Amino acid sequence: MAPEPDLLRDPLVAVVAGPELFAAALVAQGVPARRVDWQPAAQAGALASLWCEAVDAANRVALDRVLAAHQILVDVRPAMEVVPGMTRDTVLHAGPPIAWERMSGPMRGAIVGALMYEGLARDNDDAERLAASGGVRFDPCHHHAAVGPMAGATTASMPVLVVENRFAGNRAYSTLNEGLGKVLRYGANSPDVIERLRWFRDVVGPALGEALRRSGGVDLRALIGQAVQMGDECHNRNRAASALLIKALAPEIAALELPGKERRRILAFAASNEHLFLNVAMAACKAALDPAHGVAGSTLVTTMARNGTDFGIRVSGLGDRWFTAPAETPRGLYFPGFAAGDANPDIGDSAITETGGLGGFAMGGAPAIVQFVGGTPAEALEYTRRMYEITAGESTAYRLPTLDFRGTPTGIDVRLVVQTGILPQITTGMAHREAGVGQVGAGIVNAPRACFERALEALVQAGIGRSAA
Amino acid sequence: MHLSWKIRPNSYFDSIDLMRVAEQTRQLAGVIEVAVVMGTPTGRAMLAEAAMWPAEAPEGTPSDLLVAVRASGEVVARHALARVDDLLSAGRDAGPARAAPAPRTTASAARGGAANVALVAVPGDYAVLDAHQALSSGLHVFLFSDGVSLDDEIALKRRARERGLLVMGPECGTAIINGVGLGFANRVRRGPIGIVGASGTGIQEVTSLVHRLGGGVSHAIGTGGRDLHAAVGGITTLQSLARLAADESTRALLIVSKPASPAVADVVLRAAVEAKKPVVACLLGYDGRVPGGVHAVTTLEAAAATAVSLAGGAVVELERPAGVTRGGARGAVRGLYAGGTLCDEARRIVGGAPHGFVDFGAEEFTRGRPHPIIDPSRRNTAIVEAGDDPTVSVLLLDLILGDCAHPDPAAAVTPALAEARERARRGGRTLTVVAHVVGTDDDPQGLGRQEKTLRDLGALVCASNRRAAETARAIAGGA
């Protein structure tokens with residue numbers, strides 16, 4: 001902690017929450033005064049009780065763990081071998097827990113596809129019957145140190161990225177990205193989709209795993225830092241990071257004992273997939289955030305995730321409870337042939353990137369994505385700057401050239417979200433609301449306010465703040 | 001000649017950024033060469049080429065940042081390494097397209113800057129949140145807001161004390177820290193007198209009088225009106241006394257407080273004596289015991305004069321208005337005040353019925369409205385009404401100058417005074433106006449100009465609140 005200021009000796013530098021005349025009087029006396037754009041906060045009393053030494057200290061611990069994360073992509077393995085709690089009849093999905101009956105179209109489509117891929121169901125009807133009858137176990141990826149984009153469907157034989165956090169010693173997992181178009185994560189489950197997953201299982205996964213093991217791993221903290229300075233925000237824009245990853249792995253892939261055609265196919269697929277890195281970034285953020293979860297008294301958000309029906313958050317000091325609200329539908333641009341009514345409500349674990357200081361929080365450094373979501377670079381900067389208002393700190397690894405290399409806003413604080421009403425800004429792809437169609441566009445969406453209000457209530461009920469005198 | 005080095009593990013920076021940082025660090029006096037590179041083969045080759053990396057230092061990995069400084073000595077080199085850290089971690093958001101938006105919370109406003117004090121003047125229901133955020137951010141708090149509960153005040157002050165911070169307030173109107181006025185404050189000479197006060201207008205009167213008497217003020221710290229309540233226990237007052245005791249520029253202590261818990265007053269006065277500096281105490285309405293070594297006085301003017309003299313300064317005589325007690329009519333004094341402590345003091349001097357006093361700075365008048373120091377309209381209405389009251393023969397007023405006050409309070413009150421006197425004249429009565437202007441010639445409104453405006457209207461202008469009250473009493477014939 002910084003030494004306490006010596007009021008009588010140090011030159012005054014003021015923050016003013018109050019009428020302009022107080023700030024003006026200070027400025028007239030030559031004292032720098034930063035004025036708060038003050039607005040009355042809902043639940044000011046409850047919020048005040050949460051500004052205390054215990055919470056501040058807990059948040060510092062949690063934030064420091066996120067900032068210190070040193071993630072290395074070390075391996076690719078079948079989920080069955082590495083994902084904790086994985087079984088042959090488990091289907092992991094994105095977002096907070098949800099039963100089959102309440103699942104949205106794309107989520108159901110992905111699960112049907114996953115069951116067929118695993119050989120647990122013969123066809124669509126068979127898969128739906130199995131899912132509805134309780135014959136498979138559904139569980140959020142987040143409960144298994146894993147994250148999955150969009151539907152997030154993850155099953156036993158799927159190869160998963162293994163990201164190790166060398167700071168805390170934990171690992172996080174995510175499936176391989178399938179590219180754009182008709183893909184399982186958007187609920188598509190046609191034979192070509194299943195065929196690609198089998199190729200992942202039989203060829204790509206083992207090859208990447210071998211390449212990674214031979215290379216000694218890829219330093220993701222450094223790679224993402226570099227990609228952010230190349231215009232990626234690592235949620236909806238992953239071109240630089242994908243290229244850097246291929247660059248790091250290409251020599252090892254070239255040296256694999258595979259037919260030249262197969263090696264070429266792997267590299268061509270990787271090169272053609274501009275979201276190759278998305279799942280890596282997600283696992284990296286998950287690996288950084290998991291150690292920050294479970295710090296008693298902390299009000300920092302460690303998970304934001306959506307299952308296509310509900311948006312859920314988890315808070316470091318509130319254990320494994322989810323605070324949910326109906327997922328909102330993103331605003332954005334549509335591919336030809338699709339329009340606003342086609343989009344499913346917000347879906348996917350990819351908001352882990354925003355939770356970790358990337359994605360919408362780093363939008364100010366990704367001018368290209370701004371075009372994609374229909375904004376201007378100046379607006380993108382404002383999105384990012386607004387996020388500093390609700391975060392506890394700034395990344396020490398991801399720095400934005402457009403903000404003179406300021407670290408990205410990191411560590412969403414429930415207290416600040418509720419006080420300001422500023423909601424976390426997420427950049428996202430949009431899935432078709434019907435199963436099996438796929439991606440219809442991309443845009444931006446907010447985390448619902450109600451999640452944070454419910455979390456605040458729980459924080460107060462848990463006796464985390466200063467009790468009333 | 002000294003070579004120092006440092007490794008920042010896992011810190012990727014663009015090489016152009018690193019070159020800029022190296023160049024800026026090279027500007028420091030005594031620095032000969034600076035190298036800031038990533039620990040890549042290229043970076044390490046550059047260090048080797050320049051003989052900037054000692055053999056005993058580890059090589060580092062490609063994702064480590066390597067910093068090396070050659071300087072005239074070890075201290076300079078260490079300083080330069082720290083400078084590199086500062087330059088690399090500085091938030092330099094200057095915004096190419098649009099200026100950064102204003103911070104939305106006190107916590108956000110406090111971040112990334114050198115702020116050390118938060119001035120909080122928002123409605124009381126919300127002020128507690130801002131004040132706690134300020135403490136969380138390591139800031140002292142000047143809490144102007146009223147409507148803060150006693151429990152919240154205690155929680156804030158205990159928390160601040162644990163963190164070595166001060167909470168001035170709630171309902172703290174005035175402070176002068178290092179020559180800078182916070183809230184309603186007057187521009188006064190710097191000097192050896194350190195003041196701790198529970199009352200904003202009390203501090204304004206005392207500091208202005210110290211200035212007019214030829215003395216000067218080191219610091220004036222406001223505590224809020226309830227600090228000496230038994231439940232609060234004088235937390236801020238005691239912290240302030242300790243700071244002033246340790247402050248070399250302070251050679252005499254002056255305590256101004258309204259009625260206080262005798263037990264707490266005793267603790268506070270003993271603490272003041274322990275500072276081993278002359279102590280003047282003006283505890284208005286307090287009749288408890290005063291420990292030896294404390295110069296107890298009963299008026300703000302006496303407090304100022306005693307402190308100036310104890311601090312070793314020559315006391316300049318305050319000017320007296322000519323012909324004070326000639327003219328005027330016997331009757332009742334109507335004291336209409338903007339300053340609560342000034343109102344108390346005058347009431348004590350003038351006495352009770354038939355005389356009457358109203359403090360327009362009291363919470364009942366300021367809830368949801370600006371303070372009368374800023375907005376004179378409520379008092380002006382009362383002034384005009386007093387002109388119709390057949391019992392009133394003397395109007396007694398204060399005018400408060402300084403930062404944040406009305407830009408021309410004398411001009412703002414003049415029409416109301418003229419109207420009141422005209423109404424009295426029509427009723428066949430004489431209404432005498434006695435006024436005291438709190439302030440100095442260095443204040444934006446100018447003491448001389450303000451007094452002249454009042455005199456031009458025929459008001460008797462007195463140099464202190466005490467003198468004004470005594471003058472009013474003499475005219476009305478109370479004693």
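This report describes the domains, the chain contact, the helix packing and selected backbone features of a predicted model.

## Domain organisation

Chain A is divided into domain 1, covering residues 66–283, and domain 2, covering residues 294–461. The centres of domain 1 and domain 2 of chain A, taken over C-alpha atoms, are separated by 21 Å.

For chain B, the domain assignment gives domain 1 (2–89), domain 2 (106–310) and domain 3 (332–476). A distance of 48 Å lies between the C-alpha centres of domain 1 of chain B and domain 2 of chain B.

## Contact between chains A and B

The contact between the two chains involves 59 residues from chain A and 64 residues from chain B. On the side of chain B that touches chain A, at least two residues each are supplied by α4 (106–110), β4 (117–120), α5 (124–136), α6 (150–162) and β8 (180–183) of chain B. The largest share of this side comes from α5(B), with 9 residues. The side of chain B that touches chain A has 32 nonpolar, 19 polar and 13 charged residues.

Strand pairing also links the two chains: strand β1 of chain A (residues 14–17) and β4(B) run parallel and are joined by 4 bridges. Within β4(B), V120(B) is the bridge partner of A17(A).

## The four-stranded sheet of chain A

Chain A contains an open sheet of 4 strands in the order β7-β6-β3-β8, with antiparallel pairing. Its edge strands are β7 (171–175) and β8 (218–219) of chain A, each of which pairs on one side only. Strand β3 of chain A (residues 71–78) runs antiparallel to β8(A), and 2 bridges join them. In this pairing, I72(A) stands opposite D219(A) of β8(A).

## Helix packing in chain A

Helix α7(A) also meets helix α5 of chain A (residues 105–117); the axes of the two come within 10 Å and cross at roughly 55 degrees. Because of that angle, α5(A) is oblique to α7(A). The crossing of α5(A) and α7(A) is right-handed.

In this contact, G113(A), M116(A) and Y117(A) of α5(A) meet V193(A), I194(A) and L197(A) of α7(A). The residues of the contact of α5(A) with α7(A) comprise 5 nonpolar, 1 polar and no charged.

## Helix packing in chain B

In chain B, helix α14 (residues 409–426) and helix α15 (residues 447–456) have axes that come within 9 Å and cross at roughly 15 degrees. Helix α14(B) is therefore roughly parallel to α15(B). The crossing of α14(B) and α15(B) is right-handed.

On the α14(B) side, the contact is made by P409(B), A410(B), A411(B) and T414(B), which meet Q450(B), T453(B) and L454(B) in α15(B). By class, the contact of α14(B) with α15(B) has 4 nonpolar, 3 polar and no charged residues.

## Backbone features in loops

Chain B has a cis peptide bond from G169(B) to P170(B), with omega near 5 degrees. P170(B) is located in the loop between β6 (167–168) and β7 (174–177) of chain B. A cis peptide bond also joins A353(B) and P354(B), where omega is about 10 degrees. P354(B) is found in the loop between α11 (340–350) and β15 (356–359) of chain B.

In chain A, C234(A) is a residue other than glycine with a positive phi, near 65 degrees. C234(A) lies in the loop that runs between α8 (220–228) and α9 (239–254) of chain A.

Conventions. Residues numbered from 1 in each chain as written. Chains lettered and ligands numbered in written order. Predicted model: local features only at pLDDT ≥ 70, side-chain atom pairs only at ≥ 80, totals over all residues. Contact = placed C-beta atoms within 7 Å. Nonpolar A, V, L, I, M, F, W, Y, C, P; charged D, E, K, R; others polar. Pairing = 2+ DSSP bridges. Domains from an automatic or database assignment. Axes fitted to C-alpha atoms, helices over the stretch in contact; angles between N-to-C directions. Parallel < 35°, antiparallel > 145°, perpendicular 65-115°, else oblique. Left-handed = near helix turned anticlockwise from the far one by under 90°.
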